[in-house]
Amino acid sequence: MRDLAILGRLEAKRLRSKLNYWLKVLGMDPEDSRFYRIYVGLFWLYWVFFMWSYGTENVYQISRRLPSDATGSIAQFIPIVIFIGQILYLFSVFRNQPVRLNGADIAYLAISPIHRGYLVFINLLLNTWLPTLFIAVVSCFVGMLIVWQAMPGTVGLAGLFAAITMALLVFITTTLAWSISMFRLRPDGGTFRLASWVIFPILIIVAVALPQITFFPGFVWVSAVTEGLTPFIGALLVALSALGILLLVFTGRRVDMPVIVEENQMYARIARLGPYASYYARDLIVRIHKQHRLMKRRRVRFALMTSRNNFITLMSQSVLMSLRESSFSFIMLILQGFMVTSIVGTVVSAAGLDKIQTWALIVLGLMMSRRPDIASTFRSAMQTPWLRQFLPSNVPMVLAAYSVYSFGLIYLGSLIAIAVAFPSYILTGATFSLFIGITLTIWQAFTVVPEKHIFKRELQYEASVLVSGIPIVAVGFFSQSLPMTMITTAFIMVIAGYLLYQSYPFSS
Amino acid sequence: MFKVSELSYSYGQHQVLHNLSFELSPGEIAILAGRNGAGKSTLLRCLAGWSKPEIGGIYLDDRLLFQEQSPQDPDIIFVPDVPDFYDELTIWEHLRLISSIYHVADWEEEADNLLVAFELEDAATAFPFSLSRGMRQKLALIMALIVRPKVLFLDEPFGPLDINATMTVWQQLKVLKAYGSYILLSSHTLPEGSQADRYLLMQRQQVRVIDETQFDSMSALLNYDDSTDEDANLDEEADDA
């Protein structure tokens with residue numbers, strides 16, 4: 001217990017420091033006068049109250065519009081949703097162990113003789129309190145939605161019980177999932193680590209055969225919302241939570257700390273970047289994740305093909321890099337082409353080309369279709385002059401070789417979507433899709449190649465799509481003619497290609 | 001002949017290179033010395049085509065470089081002090097890739113020899129991001145050496161290397177020199193007992209030729225950490241030169 005107190009004091013200090021930081025962000029500096037702090041506190045209190053009222057009002061409006069039998073269906077559906085959530089969470093902690101340590105934790109706590117079970121337990125509390133709070137709030141709204149029509153007088157209590165019950169269920173689920181994860185990570189747990197994956201098919205079989213057991217947490221939540229949280233259920237949940245803590249401390253005690261430390265090197269690197277890193281250093285974080293994946297994953301058995309023909313060599317490089325980044329990248333690329341084309345086709349056929357909203361949705365869809373990147377290998381080579389100097393001097397060929405794999409698969413997905421859903425438009429759709437694909441590839445190249453004539457800088461992909469989308473939308477909307485729109489798209493493609501060819505390093 | 005003629009470059013208002021001229025002969029190893037911030041890296045970047053000089057010309061065998069469509073020249077390789085690599089390719093795949101692009105004959109044997117020479121043979125299947133800084137520097141040097149460039153620029157190549165690797169680099173540079181390559185490296189020191197063919201001092205936005213004795217005394221000064229004294233002494237040295 002002494003270790004628990006030490007860890008508790010340490011984390012309390014850290015929490016206080018974090019709290020001070022976020023209070024400063026919210027405008028409440030401890031060095032400000034007391035009256036000013038009260039004023040800021042009241043402001044945020046009002047904001048929270050306002051947002052809560054806004055949320056509640058929306059729940060009320062939705063409940064009014066729902067058919068009377070709909071809330072019953074939602075209540076029936078909830079246990080399945082909770083079960084799926086639990087399975088997905090368990091799966092995530094199986095894939096990546098859940099303990100998160102920063103650089104200081106790795107340097108001082110992980111190697112110290114402190115009780116590992118307590119370390120893991122405190123870590124669970126720190127990592128789950130915020131998501132638990134969020135889920136509890138959402139659960140509160142859902143609970144109110146279910147009872148508002150049938151029992152408007154008990155809405156507040158139902159919301160409260162929904163939040164408390166869900167918070168306890170989340171706590172029990174996380175402690176159990178972490179306990180299993182820690183048991184898998186004990187030094188002699190190699191065989192169990194592999195064999196334990198069998199738990200997932202077992203759970204699914206049990207869910208089908210004995211739904212009363214697997215969906216029990218969901219039933220408890222629904223009963224707490226509709227009939228109130230009975231003392232027995234409340235006590236049961238608290239007892240299970242306590243049991244979960246004991247189990248976690250017990251399994252955490254024997255955890256293989258070097259494995260956890262190794263896994264946490266990546267998180268420590270990201271944590272060092274600071275609280276806003278996900279905004280200003282997103283590319284770096286993506287790269288750190290990628291490097292971590294590459295280190296962990298078994299190497300793809302695909303040799304880099306080399307040839308006298310540089311086009312084939314570079315294309316092979318982009319294929320290998322894409323497969324190393326994700327073994328299923330080729331499926332994802334086909335799916336991306338399939339999905340974007342399906343969405344655009346569905347929107348066009350449902351809403352018609354005579355509505356400006358249809359065109360806006362098409363442009364929006366194309367703006368959002370950036371990932372996976374068509375020209376990612378080209379980008380990484382162009383951003384690094386050291387690597388670029390080894391590439392052939394024919395830069396248009398380099399772009400073509402690096403893009404052909406991703407482009408080809410996305411285009412294939414697009415063709416499949418057209419053939420399946422809109423077979424009568426196969427020729428038009430295929431041509432249109434080809435023009436758009438080439439134009440998007442060129443715009444992606446402009447994210448690393450500064451445009452020379454008009455903008456004189458690198459262009460944000462989204463901005464490029466918007467700029468090129470406006471004339472296409474204008475021609476399409478006003479002419480209502482597909483051939484005219486295609487000619488405009490081809491024109492934009494040629495202009496973009498010319499601008500790219502004129503820009504450095506395509507042209508010095 | 002590799003010739004630099006009246007080269008000027010500035011970062012905004014800050015002039016780094018001003019009407020700078022010098023020459024290198026084929027099969028010559030030249031050392032570029034100068035205090036931190038003198039513009040050595042900027043000069044090497046300009047010479048390699050990574051940065052575009054405001055005025056001036058760079059000539060290789062009387063051919064004006066960087067005037068064609070490509071901003072870089074396949075005959076020139078520049079190894080920066082902190083090179084980056086493809087995350088998804090292993091060391092061996094990096095060598096395979098560039099050997100293929102440069103159509104290097106018997107590249108596997110050459111790659112094996114270089115990996116052994118630089119003591120990287122056990123890391124051939126490793127990803128570069130998992131290597132130490134010194135090992136990454138070795139990989140960069142191997143990549144540069146395997147294509148046997150006509151002109152090779154190295155920015156502080158010995159910085160993160162151990163003594164053995166430093167000696168290996170020097171030996172490999174001598175091999176490249178035998179092929180008639182032009183080699184220019186920025187460094188404050190040379191491996192024990194080795195001599196360059198030409199010593200250049202980067203100072204006051206210019207490059208001046210100095211002799212070995214001056215280089216040796218200057219190395220001592222540059223490794224002395226009082227920058228005010230260093231500047232004053234360097235000025236004296238340069239005036240003497």
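Which residues does B:Thr168 touch, not counting residues up to four places away in sequence?

## Surroundings of B:Thr168

In this predicted model, B:Thr168 touches B:Ala117 and B:Phe118, with residues up to four places away in sequence left out of the count. B:Thr168 belongs to helix H5 of chain B, which covers residues 163-178.

Because its relative accessibility is 9%, B:Thr168 counts as buried; the cut-off for that class is under 20%.

## Extent of the interface

Chain B and chain A are in contact through 39 residues of chain B and 37 residues of chain A. About 3,500 Å² of area is buried between the two chains, and carbon and sulfur atoms give 58% of that area.

## Polar and charged pairs

Between chain B and chain A, 10 residue pairs are in polar contact, both residues being at pLDDT 80 or more. The rule also finds five salt bridges across this interface. One of the salt bridges joins A:Lys290 and B:Asp87. In that pair, the closest N and O atoms lie 3.9 Å apart.

## The chain B side

Three elements of chain B each give two or more residues to the side that touches chain A: strand S6 (76-79), helix H2 (91-101) and helix H4 (133-146). Helix H2 of chain B gives the most, with six residues.

By residue class, the side of chain B that touches chain A consists of 22 nonpolar, 10 polar and seven charged residues.

Definitions and conventions: Residues numbered from 1 in each chain as written. Chains lettered and ligands numbered in written order. Predicted model: local features only at pLDDT ≥ 70, side-chain atom pairs only at ≥ 80, totals over all residues. Heavy atoms only, no water. Contact = heavy atoms within 4.5 Å. Buried area = accessible area lost by both parts, 1.4 Å probe. Salt bridge = Lys/Arg side-chain N within 4 Å of Asp/Glu carboxyl O. Polar contact = N/O pair within 3.5 Å; in protein donor to acceptor, adjacent residues only side chain to side chain. Helix = DSSP H or I, 4+ residues; strand = E, 2+ residues; numbered from the N terminus. Nonpolar A, V, L, I, M, F, W, Y, C, P; charged D, E, K, R; others polar. Buried < 20%, exposed > 50% of the residue type's maximum accessible area, 1.4 Å probe, protein only.
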